[in-house]
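Welcome! Please take a moment to look at the sequence and the 3D structure before reading on.

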Amino acid sequence: MEVNKDVPFLKETLILAKKGMGWAFPNPMVGAVIVKNGKIIAKGYHKKAGLPHAEIEALHNAKKSVQGATIYVNLEPCSHFGKTPPCVDALIAAGIIKVVCCTKDPNPKVKGQGIQKLQQAGITVSVAHLEKEARRLNEAFFTFHEKKRPFIAIKFAASLDGKIATRTGDSKWITNEKARSFARKLRSEYQAILVGINTIIKDNPHLGVRILEDKDPLRIVLDSRLRIPLTSQVLRDTNVLIVTTKNADKEKIKQLQKKNITCLVFDANRILLRDLLEELRKRDIISVFVEGGSQILGDFVDEQLVDKAYAFFSPIVIGGKKALSAISGKGAQTVNEALFLEQVSYTQFENNLLIVGYPKVK
């Protein structure tokens, strides 16, 4: 069957697309493979927002004529002018006779229009092979356009009894170095990382990836009264967004702005998460990695704004009523109302365990 012939080439597009992890934002990760007479003659992937898309890269990389060839992509080719010209126009001009893609683009500027334009030009288009895998790879991009908000992943590291700090506030280190290293690497997969001001004051975290070849996410700090120390590590450069309210010290806002640090000020007494996510959507932030603290994580869970969860556990028991729980907030009234994860996977880091899952749709 033709589908079986297509699948290996589509799998290759997914592998290529993943090379753009952390760099393509707010665009999707896309890979492209050009095939002629059953053989791959060119490959390409979207390396970074603002640079040529995967299809264009593949066309440029072709060492022989692509006239009469088939191109495989994991996402419908774009049909609109953004930072780069439409890919469909280039495919039509190049003489491609068939396009095979995994799924339609959820972006309303494209959705189905790329396919339609290709078909109007006489190009055969085949869609829906490996759709599940393609959506999973670009889960943030699909959520952003379908739910009209950023994709939210929460992460915490806890003892077996769900504590992230002892009664004295000691938390270094609950998980081992391998688990912590992996958690830092995870940051590079998201466009932004978010924490509350208590985490900044208590731990003075770096919040970077600390890997040269990976890109640091935008650092978002929720700080309703603007208590952030100006010497905090998160203020080491301008890749940071401080979110505050009308209660913030106006002079401190000016000090931050002099450092070219962006302050998002809500005309309210507290930061409402849904209002925040709407502002982030306007800024084309398609994914946010929420690292804490306990109250911030609890707020996202209470508001049912979690799309994915990473839970690291260490084989220790901290105990105590005053020890800090990983997730606070209001919490569920009944077990049936609790956040239940499905599609769960497990990864072991020596004696530490990572559980990853997606909230069950109720």
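Here are some questions and answers about the structure above.

Q: What kind of model is this, and where does residue numbering start?
A: This is a predicted model, in which local features need pLDDT of at least 70 and side-chain atom pairs count only at pLDDT 80 or more, while totals for chains, interfaces and linings use all residues. Side-chain values use heavy atoms, leaving out hydrogens and water, and along each chain, as its sequence is written, residues are numbered from 1.

Q: Which residues of the largest nonpolar core touch the most other members?
A: A nonpolar core is a set of buried Ala, Val, Leu, Ile, Met, Phe, Trp, Tyr and Cys residues joined through side-chain atoms within 4.5 Å. Buried means under 20% relative accessible area, exposed means over 50%, and partly exposed lies in between (1.4 Å probe, protein chains only). In soluble globular proteins, nonpolar side chains tend to be buried together. Of the 63 residues in the largest core here, those touching the most other members are Ile34, Ile242 and Tyr310.

Q: How many residues are in the other core, apart from the largest one?
A: The largest nonpolar core has 63 residues. Apart from it lies another core, with Ala192, Leu222, Leu241 and Ile271 among its members, and its size is 30 residues.

Q: Which strand holds Ser314, and is Ser314 buried or exposed?
A: Strands (E, at least two residues) and helices (H or I, at least four) are DSSP runs, numbered from the N terminus. Ser314 touches residues including Ala158, Ile174 and Asn352, not counting those up to four places away in sequence. Its place is in strand S13 (residues 308–314), and with a relative accessible area of 5% Ser314 is buried.

Q: Why is the pair of Phe141 and Phe142 edge-to-face?
A: Rings of Phe, Tyr and Trp (its six-membered ring) pair if their centres lie within 6.5 Å; planes under 30 degrees apart count as stacked, over 60 as edge-to-face and the rest as tilted. By this rule there are eight aromatic pairs. The rings of Phe141 and Phe142 have centres 6.4 Å apart, and the pair is edge-to-face because their planes are at 90°.

Q: How many residues apart in sequence are the parts that Phe312 and Phe349 tie together?
A: The ring centres of Phe312 and Phe349 are 6.3 Å apart and their planes are at 35°, so this pair is tilted. Ring pairs also link Phe182, Phe312 and Phe349 into a cluster. Phe312 lies in strand S13 and Phe349 in strand S15, so the parts tied together are 37 residues apart.

Q: Which salt bridge partner does Asp307 have?
A: A salt bridge is a side-chain nitrogen of Lys or Arg within 4 Å of a carboxyl oxygen of Asp or Glu, and the structure holds 20 of them. At 8% relative accessibility, Asp307 counts as buried. In its salt bridge, at 2.8 Å from N to O, Asp307 meets Arg149.

Q: Where does Lys43, the salt bridge partner of Glu12, lie?
A: The closest N and O atoms of Glu12 and Lys43 are 3.1 Å apart. Lys43 is partly exposed, with a relative accessible area of 36%. Glu12 lies in helix H1, whereas Lys43 lies in strand S2 (residues 39–45).

Q: Which peptide bonds are cis, with omega near 0° and near 5°?
A: Most residues other than glycine have a negative phi, and most peptide bonds are trans. Pro26 has its place in the loop between helix H1 (2–17) and strand S1 (31–36), and Gly293 in the loop between strand S12 (287–292) and helix H11 (294–302). The bond with omega near 0° runs from Phe25 to Pro26, and the one near 5° runs from Gly292 to Gly293.

Technical notes. Contact = heavy atoms within 4.5 Å.
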